[in-house]
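Me: I'm new to this structure. Could you walk me through how to read it?

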Amino acid sequence: MTLVTPALEIKDLRKSFGSLVAVDEVSFRLERGQLVGLLGPNGAGKTTTVSMIAGLLTPDRGRVLVNGQALAGDTDPAKRRIGLVPQDLALYDELSARANLRFFGALYSLTGRALEQAIGSVLDLVGLADRARDLVRTFSGGMKRRLNLAAGLLHDPDILLLDEPTVGVDPQSRNAIFENLELLKSRGKALLYTTHYMEEVERLADRIVVMDHGTVIAEDTLDGLQSRVGGPGSGGRAGGGRATLEAVFLTLTGRSLRD
Amino acid sequence: MPITPLLAMIRKDLQLFFSDRRAVIVSFVVPIAIASFFGMVFAGAGGNSGEPARIAIAMVDRDMSAISKAVVAGAQADRSLTVTLPPEDEARDAVRRGRTAVAVVIPPGFGDAAGKALFGGGDKPELSLLHDPSRGAEFAMVRGMLTQHVMEAVSHDMSGGARRITLPYTVREEAMTGANAAYNGYAHSFAGMAIQFLLFAMANIGVEMLLERQRGLWARLRSAPVSKLTLLSGKAASGTIISLMILLVSFGFAMLVFKVRIQGSVAGFLGVSIACAVMASTFGLLVAALGNSPATARGVTMLAVLMMVMLGGAWVPTFVFPAWLQRGTMVVPVRWAVDGLDAMTWRGIGLRGAVLPMVVLIGFAVLFATIAAARFRWEEG
């Protein structure tokens with residue numbers, strides 16, 4: 001039996017802000033060609049976890065392993081293997097799409113022909129090649145979301161961290177993003193996907209990690225999670241058969257409001 | 001430090017700055033317009049010709065004696081005075097409205113009484129000086145000049161035209177500016193306004209950094225394999241370039257249009273300009289590090305910049321300040337920037353005069369950058 005090193009492995013991550021423990025003993029793995037859905041109510045610790053993986057936050061404890069190697073500081077070349085698609089539209093509105101990508105690519109030391117090829121490739125992928133010279137402020141919300149994705153892909157990372165990448169986009173753009181992600185997965189990229197939209201995870205995820213109150217409360221495939229919620233009286237069954245992911249989620253995390 | 005990300009940061013910030021038409025106008029056009037106005041005001045009535053500014057006075061001769069006419073003629077010939085001869089009512093009104101600093105009213109019988117009083121033979125006649133209380137310095141000067149003209153006129157008349165009491169000395173006037181240089185009021189006003197508006201521009205860059213954080217852009221920057229030093233250096237470098245451009249464009253205009261000249265050292269001028277630009281850009285970093293939100297930072301920094309430029313002598317030269325305030329403003333970086341640029345332009349002091357302002361400005365820059373690096377919120381989550 002051959003042990004394959006996962007693209008991303010996080011072990012026992014913990015992060016607190018003052019007396020608030022935002023993430024506690026979180027561990028999971030992400031394999032190549034796999035999309036893991038990271039679910040949880042507001043304040044569950046999803047974004048804090050993603051921020052630690054991306055190097056934006058320093059964990060109090062625990063490790064982030066990229067291809068088996070721990071990240072060592074801001075300038076660790078291993079950070080090139082990670083691409084971040086933040087929840088915010090992290091783009092410069094007053095620059096063109098191409099100027100934005102040229103800047104973000106240069107942060108990864110991409111220059112010259114390699115940079116221009118990478119820009120062309122990601123703009124083609126997200127369907128914005130014909131708008132490359134236009135200012136981002138002239139883009140629709142969906143176009144900005146697609147460009148946000150393109151910026152995270154520019155340096156061809158092995159691991160893509162997507163923090164609610166479809167917030168506020170129309171069904172067409174959402175579908176285009178899904179097709180992009182499925183293509184990336186087929187190319188062997190490892191994707192970590194946080195969202196509140198259960199149907200997105202049902203469509204895309206190979207495995208699902210559910211977090212609540214800073215800890216992982218469930219980790220399984222969609223089928224595995226659905227099989228956990230099958231008892232009498234459980235609501236939200238699809239066609240009278242298996243429970244929907246939303247029903248599973250509510251069963252696991254409760255129905256009390258989270259703000 | 002990897003050069004590609006650093007250059008990309010600089011290029012991006014310059015693109016963003018020049019894509020904002022309002023920022024460009026405020027940074028380049030407005031200081032030129034305001035400095036032109038202040039320059040015209042501070043150049044005074046003598047302009048930049050080297051001639052002293054004249055004090056406007058009104059004289060009312062109700063005596064019409066030979067002595068009073070001689071006094072008026074002497075004042076009219078004085079190159080420090082501009083004399084008008086209105087009726088008394090108009091003279092009083094002109095002083096009350098601030099159009100004239102002093103009005104001199106020579107009463108009837110003045111000449112006769114003054115002649116007798118000169119040798120202690122009679123009561124001294126009264127000369128009325130109507131003055132604007134807000135122009136004390138001009139009043140004191142007019143009083144002194146009038147003494148001279150009265151003494152000359154009375155002594156000349158009383159000696160039958162044979163003798164005249166005059167000042168026992170002559171004056172050689174030398175304006176202490178650079179060799180062969182005349183004072184140019186525009187040099188100071190352009191220094192002051194350029195510094196004010198480059199500080200505004202840098203404060204705005206600091207606020208933009210807070211907006212970048214708010215919009216998640218810093219999260220993307222921090223996720224790249226780029227050091228904190230590179231990120232801050234990129235911001236500082238782009239800020240320095242923009243500040244330097246504001247200074248050089250302003251002075252370029254002043255040189256072309258108002259004949260401002262670097263009478264001191266060109267190297268010193270460039271050195272002070274660069275030091276000033278570095279100081280200003282690190283001030284922008286300080287704004288980003290200490291600001292809680294873009295809105296609050298914008299208000300606080302506006303106040304801070306206005307205080308700095310007011311106390312630093314950017315609006316009016318610091319020599320009009322009380323002595324204690326002149327000493328106190330040495331802790332304001334703008335004071336060193338303005339003094340350094342004045343020294344290199346109209347004061348005509350050589351490179352040696354630039355060294356201390358440069359050292360102090362770089363010292364402020366190091367202080368600002370150190371505080372900014374220590375207080376900058378690096379964690380994004």
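This is a predicted model: local features need pLDDT of at least 70, side-chain atom pairs count only at pLDDT 80 or more; totals for chains, interfaces and linings use all residues.

Reply: Residues are numbered from 1 along each chain as its sequence is written, while chains are lettered from A and ligands numbered from 1 in the order in which they are written.

Me: In what order do the 4 strands of the open sheet in chain A come?

Reply: Strands (E, at least two residues) and helices (H or I, at least four) are DSSP runs, numbered from the N terminus. Two strands pair if DSSP finds at least two bridges between them. Here the order is β2-β1-β4-β5 in chain A, with antiparallel pairing. At the edges, β2 (20-30) and β5 (69-70) of chain A each pair on one side only.

Me: Is V64(A) buried or exposed?

Reply: A residue is buried if 20 or more other C-beta atoms, placed from the backbone, lie within 10 Å of its own, exposed if 12 or fewer, and partly exposed in between. V64(A), found in strand β4 of chain A, is buried because 20 other C-beta atoms lie within 10 Å.

Me: How many residues of chain A are in contact with chain B?

Reply: Contact means C-beta atoms, placed from the backbone, within 7 Å. By that rule, 32 residues of chain A are in contact with 25 residues of chain B. Helix α2(A) gives the most to that side of chain A, with 5 residues.

Definitions and conventions
Two residues are in contact if their C-beta atoms, placed from the backbone, lie within 7 Å.
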